[in-house]
Amino acid sequence: MIEFDPAKYDFTTEEMLKAASDGKLLTCEIEFNRSCNYMCPYCYAAGTHDHAALTDEMAQSAIRQVAALGARKIVVLGGEPLLCRNLKKYIELMNSLGMGAEIFTNASLIDEEWARFFYEQGSRVVVKLNSLDPAVQDKLTGVKNSLEKVLRAIDLLQKTGMDERRLVASSVICSENEKEIVSLWKYLRAHHIKPYLEIMTPQGRLLEHRQLEVHPHRIKEIFDEIAEYDRSQGHDWDPQPPLVGAKCLRHQFSCVVGANGDVTPCVGLTVKIGNVYEQKLADILMNSNVLRKLKDFRNTIKGPCRTCEKADTCYGCRGAAYQLTGDYLASDPLCWKNCDAMLKEKPSLPCGAQQWIPHRPPMTMVKRLLEFGEWSKLETEIAPDNRFVRNGILDPEVIPEIVAQSCAVVTGFEANDHQVKGMLTGMRNVEILSEIRGGDTLIIEVRETSKIENYYTLDFMISRPRDNALCAKGELSICKLS
């Protein structure tokens, strides 16, 4: 039997920030499968890659790569992890490499055998419990008798010897349970179960059930009431979203490996930074501009989150910022300090590009910024009367100008600066692969590969959605002018 080691599962703020500075992981979240037997109306994972699963070879490789990066635990997500036929083998592999396993499960499949296995493997188990009202619990899981199932699982796990260090109940604050959520928290404390309570992120299936959302000011009331109760029980913490009684700095020390191999900063910040079928995890993390900017959050976060008195150890929910604004560096719109102003605003992306370009028509060559991420994506349409179109074909020498303007848009959007100016300083390995004609709609994708002071190097690709043709690709160098 493997003894439970708390040091593998919980980290101090100092340990998180040191991991960031050292380029190491403390944990990694892995989805071995996306299949699930529940239909939770707020599920972040619903609707994308629903039947995806890592191959056995890749699953084991991912576990070993995470261990090599210094992680102390792997958080097993889904889907429903217990539907993964090799889950026991993967947990045993984690332990053999010195890591713990933290399993997020709806608990419907936990029987005596599973409970004993988790206990003997020194694992932490996080079960889904949103309400003690059977009707509400069923509504929030999409299946009948779900409260009976989770309470039975809790009983089985506790009978093995699991206490509040190892047995956790995960809940969300929503309109269906907001009136009882404080009572649920007290119930969990009284029954030696660690509560894990969070704000929902507007993505996945929640987009079809927006009536479940609770206003941030009401959420603040809930946080404050729970904090007051906890202080009376010897648990002292300062309320801040998105987690009750905890801080979320996971991008400093963690990432997600999805069931299709995609790597993202977290389950809410769904910007793909790589894929483990294509690159080693260490290379993905080392070369990610998104993670680099998140780790430098004191200098990169925009708006009120940047100047908040909690800014040294809080940068809001990056998932909420990204899902609601399209900008993962924006202030958190669901924080009660920001919501009155930010929730009135429409999502920032997609947005018109003209506001970020120093040029004016007819020299403006980029129309819209679609996505901001590892590869930022922009759109333009080459008008038939464009001054660079001759005999119906766009002069390929204008390609660098299109890319340079795209970079100006991305840089201006990121810095929230409408006065960004720069100049093209070089080109390498530029290939023109297909003629671009007047009337073509184009997608421009750009990715920063290096930065030294005001000098940037970036890769670009230009494609035509009409026939999925890759029209041009290459590398440019840009100098940002002060």
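**Close-up views of a predicted model**

**View 1. Contacts of Phe 32 within the predicted model.** Leaving aside residues up to four places away in sequence, Phe 32 touches Ala 53, Leu 54, Ala 59, Ile 63, Val 76, Leu 77, Cys 84, Leu 87, Tyr 90, Met 94 and Ala 259. The structure shown is a predicted model, and Phe 32 belongs to its largest nonpolar core, which has 126 residues and in which Ile 30, Phe 32, Ile 110, Phe 118, Leu 281 and Ile 462 touch the most other members. Helix 15 provides the largest share of this core, with eight residues.

**View 2. Helix 3 and its surroundings.** Within helix 3, which spans residues 87–96, the buried residues are Leu 87, Tyr 90, Ile 91, Leu 93, Met 94 and Asn 95, and these pack against helix 2 (56–68), strand 2 (73–77), strand 3 (100–105) and helix 4 (112–120). Among them, Leu 87, Tyr 90 and Met 94 are also contacts of Phe 32. After helix 3 comes Gly 98, which has a positive phi near 85°.

**View 3. The second largest pocket.** This pocket holds about 800 Å³ of space and has a lining of 39 residues, with Cys 407, Val 410, Thr 411, Glu 414 and Tyr 456 lying nearest its centre. Elements that each supply at least two lining residues include helix 10 (289–295), helix 11 (297–300) and strand 17 (455–464), while the largest share, nine residues, comes from helix 15. By residue class, the lining comprises 17 nonpolar, nine polar and 13 charged residues.

Key
Residues are numbered from 1 along each chain as its sequence is written. This is a predicted model: local features need pLDDT of at least 70, side-chain atom pairs count only at pLDDT 80 or more; totals for chains, interfaces and linings use all residues. Side-chain values use heavy atoms; hydrogens and water are left out. On a 1 Å grid over the protein atoms alone, a cavity is a set of points where a 1.4 Å probe fits but cannot get out, and a pocket is an open set with protein on both sides within 12 Å along at least five of seven lines; lining residues have an atom within 4 Å of a point. Grid points are joined across faces, edges and corners, and a volume is the space filled by probe spheres set on the points. Helices (H or I, at least four residues) and strands (E, at least two) are DSSP runs, numbered from the N terminus. Ala, Val, Leu, Ile, Met, Phe, Trp, Tyr, Cys and Pro count as nonpolar, Asp, Glu, Lys and Arg as charged, and the others, Gly among them, as polar. Buried means under 20% relative accessible area, exposed over 50%, partly exposed in between (1.4 Å probe, protein chains only). Contact means heavy atoms within 4.5 Å. A nonpolar core is a set of buried Ala, Val, Leu, Ile, Met, Phe, Trp, Tyr and Cys residues joined through side-chain atoms within 4.5 Å.
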